[in-house]
Amino acid sequence: MPDALPASLSATPGVRPTDATFADLTTLRVGGRPAATVECATPDALASAVRSLDDAGVPLLVVGGGSNLVVGDEVDGLVAVVAVTDEQPTVVGEDATSVIVRASAGTVWDCLVAWSVQHTYGGLECLSGIPGTVGASPVQNIGAYGAEVSGLLQRVQLLDRTSGELAWVTPDTLDLSYRYSNLKFTARGVVTAVEFRLTTDGLSVPLRFGELARRLGVTEGEDHPRRPVAEVREAVLALRAGKGMVLDDADHDTWSAGSFFTNPVVTGEDARDAVTARVADHCGAAAVEGMPCYPAGTDTDGRPQFKFSAAWLIERAGFPKGWKIREDAPAGLSTKHTLALTNRGSASSEDIVELATAVRDGVREVFGVSLVPEPVWIGVTLQD
Ligand SMILES: Cc1cc2nc3c(=O)[nH]c(=O)nc-3n(C[C@H](O)[C@H](O)[C@H](O)COP(=O)(O)OP(=O)(O)OC[C@H]3O[C@@H](n4cnc5c(N)ncnc54)[C@H](O)[C@@H]3O)c2cc1C
């Protein structure tokens with residue numbers, strides 16, 4: 001056992017020390033060497049490892065696929081606890097129209113989706129191709145193509161890091177919202193397994209996302225269109241691949257953390273109109289016609305909220321696909337998708353920070369909108 005790890009871990013079934021840097025463990029491929037790394041192959045192993053480290057006062061970071069993480073080049077003393085598994089998803093309940101499927105935290109997310117589609121279970125197909133693990137899926141309430149995992153969660157098995165208790169909780173305890181849960185940005189709990197309720201009629205969730213619906217030949221006026229799950233998965237994977245949103249070792253456009261900034265939400269009509277006016281000033285009135293801006297519910301005081309497209313604003317603020325701070329910079333925007341900040345092969349975390357800061361500041365200067373990063377930052381922060 002490496003010195004940084006409590007001796008008790010060597011006797012824990014399913015826990016295995018390994019050797020990796022955060023650059024090895026993350027899809028952005030940046031980040032220094034942890035004090036130690038342990039792989040945990042089962043929900044119990046994951047819970048035991050975290051409990052042992054917490055009891056010994058050792059700082060730790062739970063890592064799944066490392067696809068939503070920006071880790072600094074110096075990470076003194078931090079132990080990486082990596083959730084992995086060979087376990088297959090299992091059906092743990094069913095009724096006339098649905099099944100409950102359970103998967104361990106370390107299950108690769110897209111393996112779960114592929115498995116569900118093979119069994120013609122409906123629900124997860126729009127979330128095909130998202131990197132990472134099942135355990136992280138509720139952490140930021142993953143979503144794509146009009147679907148969010150919050151709509152499918154039945155129960156989440158959670159290790160409470162304060163009490164050390166492992167218990168199943170219902171999704172309403174997690175404050176799930178757009179790319180957020182109360183597990184994100186905190187060390188409150190570790191997800192060790194997740195249960196999903198999936199439909200059994202072989203059809204997808206209703207298709208709400210225009211680009212996907214068009215690709216699947218949905219005609220105007222079709223009410224709540226649904227399609228066979230395999231067809232939807234295929235279409236989603238093709239759309240994602242075209243944007244560099246399916247991991248591919250050989251393609252630097254996928255050496256990213258996915259969408260780097262969340263779509264900005266502003267509160268109140270005045271705030272919406274202020275952004276619109278800045279867009280008209282900078283891009284001309286015609287641009288406003290094509291500007292994505294959607295109602296996004298209300299805040300806790302009942303005020304209306306509006307969501308803009310981060311990618312659209314970034315591009316109009318002067319950061320086209322492939323943009324770099326300098327021609328020879330080792331980090332740049334993806335050549336396929338403005339919203340992905342990418343490592344072109346030799347970037348450090350500082351290069352990613354420099355790029356992210358330039359884009360955030362540029363959008364703020366031009367449109368007065370403050371973009372908020374989507375990934376979790378460890379040992380490094382966006383410059384002020
Ligand atoms: C190319 C690409 C495309 C992407 N597309 C999408 C997309 O379409 N939609 C979307 O929502 N996201 C997308 N992402 C972001 C990312 O894939 C998701 O957020 C994913 O759920 C992260 O999973 P992970 O296992 O890699 O988490 P990690 O990056 O390993 O961890 C992220 C955070 O979750 C915590 N965490 C991880 N596992 C657990 C656990 N078991 N319990 C508690 N905390 C945990 C970590 O400590 C960290 O704080 C994309 C990323 C990439 C690289």
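The UniProt annotation "active site", which comes from an unreviewed entry, covers Arg179, Ser259 and Glu374, and such annotations may be inferred rather than shown by experiment. These residues span 196 residues in sequence, yet no two of their C-alpha atoms are more than 10.8 Å apart, so they gather at one spot. Among them, Arg179 and Glu374 belong to the lining of the second largest pocket.

This is a predicted model, in which local features need pLDDT of at least 70, side-chain atom pairs count only at pLDDT 80 or more, and totals for chains, interfaces and linings use all residues. Residues are numbered from 1 along each chain as its sequence is written, and side-chain values use heavy atoms, with hydrogens and water left out.

The table sets out the exposure of two of the annotated residues, where buried means under 20% relative accessible area, exposed over 50%, and partly exposed in between (1.4 Å probe, protein chains only).

| Residue | Relative accessible area | Class |
|---|---|---|
| Ser259 | 22% | partly exposed |
| Glu374 | 7% | buried |

Ser259 lies in strand 13, residues 256-259, whereas Glu374 is placed in the loop between helix 9 (349-367) and strand 19 (376-378); helices (H or I, at least four residues) and strands (E, at least two) are DSSP runs, numbered from the N terminus.

When neighbours within four places in sequence are left aside, Ser259 is in contact (heavy atoms within 4.5 Å) with Met245, Leu339 and Glu374.

Key:
1 Å grid on protein atoms, 1.4 Å probe; cavity = no way out; pocket = protein on both sides within 12 Å on 5 of 7 lines; lining within 4 Å.
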